[in-house]
Each structure stands twice: as structure tokens, then as C-alpha cells.
Amino acid sequence: MLLKDKVAFITGGSRGIGYEIARTFLSEGAHVYFSEIVDTPVSDELNQLAAKTGAKVACLTSNVTKEEDCIDVIKKVNEMAGRIDIVVNNAGITKDGLIFRMKADDWNAVISVNLTGAFFICREAANLMIKQRSGSIINMASVVGEIGNAGQVNYSASKGGLIALSKSLAREVATRGVRVNAIAPGFIKTAMTDALSEDQQAALLKTIPMNSMGMPKDVANAALFLAGDLSSYITGQVINVNGGMHMGGN
Ligand code: NAP
């Protein structure tokens with residue numbers, strides 16, 4: 001197993017990509033703690049996976065937009081598990097619209113969850129990991145943080161910012177054994193993309209050389225690679241998981 005006895009913390013792990021990362025990490029022997037804004041029961045499937053390897057799985061109530069929550073949740077996971085080896089900043093939201101009609105609230109809400117929340121969690125986790133002299137932080141960016149997208153100035157700015165945050169933090173903590181990388185998914189089948197109209201989905205499909213949407217498992221596999229020792233000499237990178245939608249450099 002690739003993550004035997006590693007301790008992982010994932011923000012927003014009850015559905016979509018975060019859930020699949022929790023499932024994948026548990027299957028590989030990790031202890032998994034994830035956060036949700038409201039108290040959410042751990043699914044039978046995750047409990048069964050944990051039982052198979054003797055790992056722990058738990059959901060903690062925490063809102064990434066609240067600094068105190070972020071400080072508390074990292075502290076709590078560390079108290080419960082004794083260390084944190086892997087952190088995945090997965091929580092994310094969209095509030096799409098052309099800039100002409102975008103309200104300040106829509107801008108602030110997206111930046112607050114996707115970028116400021118990740119900053120709080122990164123700061124707390126990095127502080128702990130540099131003392132451990134090891135750790136892997138994975139930030140869930142997006143292809144639109146690299147190439148932009150009409151109707152998503154808030155979301156793409158948050159994801160572009162997250163990529164820059166990841167690279168800067170990677171440089172700050174590299175000598176202490178802590179790695180920081182980003183994943184930039186393309187168009188992945190989850191509730192977030194189900195919200196797009198059929199026309200929007202059809203238009204997006206035309207931009208993907210592989211001509212299909214990705215699945216949460218495709219992103220979880222990239223997270224698995226970045227989380228464990230297979231990527232031990234990789235930091236400050238953006239792994240594109242997008243069916244060829246964007247092939248440029250980082
Ligand atoms: P999703 O199905 O909408 O799930 C988002 C998760 O984030 C949910 O668990 C949600 O919790 C949680 N969350 C939202 N606000 C939060 C907050 N303030 N505090 C803590 N948790 C919060 O989205 P997804 O498609 O799995 O996306 C996961 C990540 O991948 C996001 O960062 C997204 O931007 C990124 N991404 C997705 C795609 C795609 O095509 N799906 C592409 C590129 C990047 P609740 O259940 O409580 O709402």
C-alpha cells in the first residue's frame with residue numbers, strides 16, 4: 001500500500017473529488033480526516049475501507065472561510081493522529097457570471113473559500129510539517145487558473161492565485177522536507193460540473209482532445225502520486241489532469 005499509516009487531512013471530503021481522494025487514500029492504507037461545514041456522517045463505504053486496513057476515518061466540522069476553524073481543525077487532527085503527513089486543500093466553490101454583472105459578494109465568496117481558506121490551512125499545516133521535517137501539501141487548482149475562462153474571473157483568479165501560492169510556499173519549505181504541489185483538473189464529472197447546462201457541457205467537450213470528461217478517480221490518482229513517496233523529489237509543480245485541454249507549461 002502506497003500510504004500505509006500516513007495521516008491525511010482533506011478539506012471538503014464528503015462528495016465529488018474530495019470524496020474520491022478520501023476513498024483512494026483509505027484504500028492505500030492512510031488514516032483520513034476530512035472537513036465539512038456542517039456535521040456530516042462518514043459513509044458506510046469509507047468506514048468499511050478503513051476497517052479493512054485498520055485505519056481511522058473521521059469527519060470534522062470546519063469552515064475554511066473562518067480562520068479560527070482552520071487553526072482548530074489542523075490542531076485537532078494533529079492531536080487525534082499525532083502528526084499530519086498529507087494535506088489536500090480541496091474545498092472549492094463557483095459563483096459564475098460575466099464581470100459586468102458580478103457582484104462584490106460573488107467575487108469575495110469564491111476568493112474566500114478557494115484561496116484564503118487554502119492559505120489558512122497551508123499556513124497551519126506547513127507550520128506543523130516543518131517541525132516534523134516532512135509532509136506533502138496538495139492544492140486543488142483548475143485548468144482555468146492557467147488559461148482563464150469567460151464567466152469565471154473570480155474562480156479563475158482564485159485558482160491562478162492558488163497555483164502561485166503553491167509555488168511560493170514550495171520554495172519557503174523545501175529545505176525542511178515539506179513538498180507543495182497543485183493539481184489542475186480540467187472538466188471533471190461532479191456536482192460542480194453537473195450544474196452546467198447541456199449546451200455549456202457540449203461546448204466544453206469540444207475543447208478536450210480526449211473528447212470526454214474526467215472522473216474524480218483521475219484526479220484522486222494524481223493526488224495519490226503527489227501524496228506519497230513516489231513523488232519525493234517533486235515540489236512546486238502543477239499536475240494537469242485535463243484530457244489534453246491545456247498542454248502549456250506552468
Ligand atoms: P463539489 O462536488 O462541489 O465539492 C466541493 C466540496 O467543497 C464539498 O465537499 C463542499 O462541502 C466543500 N466546501 C465548499 N465550501 C466549503 C467551505 N467553506 N469549507 C469547507 N468545505 C467547503 O466540487 P468538486 O467538483 O468535487 O471540486 C473539488 C475541488 O476541485 C474544488 O476546489 C474545485 O474548484 C476543483 N475543481 C473541480 C473541477 C471539476 O470539473 N469538477 C475542475 C477543476 C477544479 P459541502 O458539501 O458542505 O458543500
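Predicted model: local features only at pLDDT ≥ 70, side-chain atom pairs only at ≥ 80, totals over all residues.

Q: Where does the ligand sit?
A: The ligand sits in the largest pocket. That pocket has a volume of about 1,200 Å³.

Q: How many residues line the largest pocket, and which lie nearest its centre?
A: The lining consists of 49 residues. Nearest the centre of the pocket are Gly92, Ile93, Thr94, Tyr155 and Met192.

Q: How do the lining residues of the largest pocket divide by type?
A: There are 23 nonpolar, 22 polar and four charged residues in the lining of the largest pocket.

Q: Turning to the ligand itself, which residues come nearest?
A: Around the ligand there are 29 residues, and Ile17, Asn90, Tyr155, Ile188 and Thr190 come nearest. By type, this shell holds 14 nonpolar, twelve polar and three charged residues.

Q: What polar atoms face the oxygen atoms of the ligand?
A: For tyrosine 155, a polar side-chain atom lies 2.5 Å from an oxygen atom of the ligand. For asparagine 90, a backbone N or O atom lies 2.7 Å from an oxygen atom of the ligand.

Q: And which side chain is 2.8 Å from a nitrogen atom of the ligand?
A: That is the side chain of asparagine 63, through an N or O atom.

Q: How much of the ligand does the protein cover?
A: On its own the ligand has 900 Å² of accessible area, and the protein covers 91% of it.

Q: Which helix gives the most to the shell around the ligand?
A: H7 (191-194) gives the most, with three residues. Helices H1 (16-27) and H6 also supply at least two residues each.

Q: A change of topic: how many cavities of 30 Å³ or more are there?
A: The count is one cavity of 30 Å³ or more. About 40 Å³ of space lies in the largest cavity.

Q: What lines the largest cavity?
A: Its lining includes Thr11, Val64, Asn89, Met140 and Lys159. The lining divides into six nonpolar, four polar and one charged residue.

Key: Residues numbered from 1 in each chain as written. Heavy atoms only, no water. 1 Å grid on protein atoms, 1.4 Å probe; cavity = no way out; pocket = protein on both sides within 12 Å on 5 of 7 lines; lining within 4 Å. Points joined across faces, edges and corners; volume = space filled by probe spheres on them. Nonpolar A, V, L, I, M, F, W, Y, C, P; charged D, E, K, R; others polar. Near = heavy atom within 4 Å. Polar contact = N/O pair within 3.5 Å; in protein donor to acceptor, adjacent residues only side chain to side chain. Areas by Shrake-Rupley, 256 points an atom, 1.4 Å probe, with all protein chains shown as cover. Sits in = over half its atoms within 2 Å of the grid points. Helix = DSSP H or I, 4+ residues; strand = E, 2+ residues; numbered from the N terminus.
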